[in-house]
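Welcome! Take a moment to look over the sequence and the model, and then we can walk through some of the strands together.

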Amino acid sequence: MSGNSSRNTGELAGKLQNRAPQTTENAPARTPAQTIGDYLHSMRGQIAEALPKHMSIERLSRIALTTIRTNPKLLECSIPSLMGAVMQAGQLGLEPGLIGHCYIIPYGKEAQFIIGYKGMIDLARRSGHILSIAAHVVYENDFIELVYGLEDKLTHVPWHLRSDKPQTQAGKIKGAYMVAKFKDGGHQIHYMPIDEIEAHRGRSRAKNNGPWVTDYDEMVKKTVVRSGWKWLPISVEVASTVMKDETVHTDLVPSDDSIVIDLGQSEYSTSDEQQQEELDLP
């Protein structure tokens, strides 16, 4: 990510606003989505340098713009925070919105990057040292027995599969756990009660927005995986980036000579045909 971290959000927003595309009498005014698309296009080179091999800048740009464009509140966010969120997704090789890898959430006028449960699992599997990893929510009417020691023991029977004491409903969530098996034969089990998970949620700026509201169970599972992340064989680079999850970054802006605004029909214009094409992405 380019080095302008010492500038505050207001200075970054002001710089971008001063360099925003200017219309002429013969050119129609740019919509917020078109303006964001123009800046995203201008920064393709910077973002592409950070992408892992399995992700293309073309696909990330299309998905990111679709995610931003379909949420009116994101269109009101500052461009530095939006570009920072896209860069974070790119660095981790995660796709925002479509399959729950990660999310870009509006928080006032700032865009916040949040990793999803599926994104955490994908990152862990990419390490090459993990045979399998999963997280499960535990409900009041489940049967669970967890014993830590030299020989960890975990037994979890979901409420709807119990034969010892049949249940008709799940009850409230009382916790979640992660189980990771390593290729060298080791394993890691990590359990969190719901009050600890809610305490984590309370520290998030997006606690009342985005996936904490729309995909609560997924965020519960993501939280327990993130909490157990320090015990997994993950690279230092990925681990440090993940631990900056649920933050707002505004230090990514185009350099003075890299902003190229096309007032014509760019590849990131907001025609009806392109909107439908991007919404239909696999």
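Which residue in β5 does Ile144 stand opposite? Keep this in mind as you read; please also note that the model is predicted.

## A hairpin of two strands

The residue opposite Ile144 is His156, which belongs to β5. Strand β4 covers residues 143–147 and β5 covers residues 153–157; the two run antiparallel and are joined by 5 bridges. To get from β4 to β5, the chain passes through a hairpin of 5 residues.

## A sheet of three strands

Next comes an open sheet of 3 strands, ordered β3-β6-β7 and paired in antiparallel fashion. The edges are taken by β3 (130–139) and β7 (187–193); each has a single partner strand, so one side of each has no neighbour in the sheet. On average, and with direction ignored, neighbouring strands here are turned by 10° against each other.

Between β3 and β6 (residues 173–182) there are 9 bridges, and these two strands run antiparallel. In one of these pairings, Tyr139 has Ile173 of β6 as its bridge partner. Helix α9, made of residues 216–227, packs on the sheet and touches β3, β6 and β7. The direction of α9 makes about 130° with that of β3.

## Cysteines

A disulfide is a covalent bond between the sulfur atoms of two cysteines. Searching the whole structure turns up 0 disulfides. Where do Cys77 and Cys102 sit, buried or exposed? Cys77 is buried, at 6% relative accessible area, and Cys102 is also buried, with a relative accessibility of 0%.

Note on methods: Residues numbered from 1 in each chain as written. Predicted model: local features only at pLDDT ≥ 70, side-chain atom pairs only at ≥ 80, totals over all residues. Heavy atoms only, no water. Pairing = 2+ DSSP bridges. Helix = DSSP H or I, 4+ residues; strand = E, 2+ residues; numbered from the N terminus. Axes fitted to C-alpha atoms, helices over the stretch in contact; angles between N-to-C directions. Contact = heavy atoms within 4.5 Å. Disulfide = S-S within 2.5 Å. Buried < 20%, exposed > 50% of the residue type's maximum accessible area, 1.4 Å probe, protein only.
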